[in-house]
Amino acid sequence: MLTVNPPKRFLFGPGPTQVADRVYDAMRQPIVGHLDPYFFEVVQDIQKGLRTAYGTANDFTMAISGTGSAGMEAAITNFAEPGSKFLVFNAGYFADRMCDMGARHGAQVVRADKPWGEWFTDEEVREIILREQPATVGFVHAETSTGVLQDGTAICKAAHEIGALVIADCVTSLGALHIGVDEMGIDIAYSCTQKGMSCPPGLSPITVSPRAMDRLRARTSTPDIWYLDLKLLDTYYGQAHRYHHTAPITTFYALKEGLALMNEEGLDNRIARHLDMHKKFVAGVEALGLKMNVPDPSRRIPNLNTVVIPEGVDDLATRKQLLNEYGIEISGGFGPLAGKIFRVGIMGPLATEEKLAFFFDAFKKVLGK
Ligand SMILES: Cc1ncc(COP(=O)(O)O)c(C=O)c1O
């Protein structure tokens, strides 16, 4: 008899999101050793799938052990060297975390701050990058704390003009919306498995451009986290297959299956499905007389919707009722947006008309509409 018996939940929050049955089935398969040839076949399959999802030809593309924050820390400890200038475009909680990590690793962090919920224009990023002359630039593509999508094209263009590398947080975007790492010019992108990929948390997909790899190879100081040293990880997941750590085999199975589901649907179809459900979600919200937190539709993250909590509606009580009566999880805001917004993820297996109708049915009842 199993002792684990979790309640049935519909994960309409920012993540973890609903996991497909096939991914659960993959996780029930027997583990092999972390140096078994089969494991490396799985690793190679994952690398291929991730290149598609990220839109990149980068040879150095892999899933590393740990959640999205591990990807963030790997990017920062390998590419924002101690003493070097690390400029971060900051308008939310996760960009703030990038600044914190940069400072902990001894980089000279320069923050370009805006109030949470805003974004940087092409002119602003260009002016700031040319003025600050950083070695590395960081930005969050999909800022989960506010619901804002920050396009990185102008950031990458200006950064490359001065020889800087660009780190993009794609934790919420991968697998649900178009990233186009090569097209945008991102040098280092990291993500997670538990949002747009609809797998369980545990791995952080990362991809690194050839120019960033050149810079890493030329680096003389060692990154201060052994576990996330990408050159060492390359000796494990790359050609040499040398032991570095014991990879969490089951989560690799899950990601392989999640990527297979993505490929079967087709990335473009999957992105279109998320966009379609987002539009229907917004229409549903507006029909209830509610407002989206991000006023400009083109700046909204399609798979993570932030809705302004109307006057007289209790944030905690609403979320509690949704969870207790319908098994629906949504999230609230944090920092300056605490108590002001609901964060609703429409992702993976829940991004369907049927599941959206189920959500609105419950949401309306709880709001007394
Ligand atoms: C944009 C963004 N970056 C980083 C993280 C951190 O990822 P994790 O919680 O998987 O460590 C999150 C998590 O929600 C996120 O939304």
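How do the residues of the lining of the second largest pocket divide into nonpolar, polar and charged? Eight are nonpolar, seven polar and four charged. (Ala, Val, Leu, Ile, Met, Phe, Trp, Tyr, Cys and Pro count as nonpolar, Asp, Glu, Lys and Arg as charged, and the others, Gly among them, as polar.)

Before you select anything, two notes. This is a predicted model, in which local features need pLDDT of at least 70 and side-chain atom pairs count only at pLDDT 80 or more, while totals for chains, interfaces and linings use all residues. Residues are numbered from 1 along each chain as its sequence is written, and side-chain values use heavy atoms, with hydrogens and water left out.

**Stop 1: the second largest pocket**

Select Gln-47, Asp-59, Phe-60, Asp-234 and Gly-238. Of the 19 lining residues, these lie nearest the centre of the second largest pocket. Now colour helix 2 (37-54), strand 2 (60-65), helix 8 (210-218) and helix 9 (230-237); each gives two or more residues to this lining. Helix 2 supplies the largest share, five residues. The volume is about 310 Å³.

Some terms for this stop and the next ones. A pocket is an open set of points on a 1 Å grid over the protein atoms alone, with protein on both sides within 12 Å along at least five of seven lines; a cavity is a set where a 1.4 Å probe fits but cannot get out; lining residues have an atom within 4 Å of a point. Points are joined across faces, edges and corners, and a volume is the space filled by probe spheres set on them. Helices (H or I, at least four residues) and strands (E, at least two) are DSSP runs, numbered from the N terminus.

**Stop 2: the largest pocket**

Go to the largest pocket, with about 460 Å³ of space. Select Pro-6, Pro-7, Lys-8, Arg-9 and Tyr-24, the closest to its centre of 17 lining residues. Strand 1 (10-11) and helix 1 (21-27) each give two or more residues to the lining. The lining holds 10 nonpolar, three polar and four charged residues.

Stay here for Pro-16, in the loop between strand 1 and helix 1. The peptide bond from Gly-15 to Pro-16 is cis, with omega near 5°.

**Stop 3: a salt bridge**

Show the side chains of Arg-22 and Glu-264. They meet in a salt bridge at 2.9 Å, N to O. Glu-264 lies in helix 10 (residues 249-265) and Arg-22 in helix 1, so the pair ties together parts 242 residues apart in sequence. The whole structure has 24 salt bridges (a side-chain nitrogen of Lys or Arg within 4 Å of a carboxyl oxygen of Asp or Glu).

**Stop 4**

Select Phe-89, Ala-91, Val-140, Glu-143 and Gln-150. Of 13 lining residues, they are the closest to the centre of the largest cavity. About 110 Å³ of space lies in it. A search of the whole structure finds one cavity of 30 Å³ or more.

**Stop 5: the two domains**

Colour domain 1 (21-263) and domain 2 (266-367), bounds that come from an automatic or database domain assignment. Their centres, taken over C-alpha atoms, are 26 Å apart. Contact (heavy atoms within 4.5 Å) joins 26 residues of domain 1 with 24 of domain 2. Zero salt bridges are counted between them.
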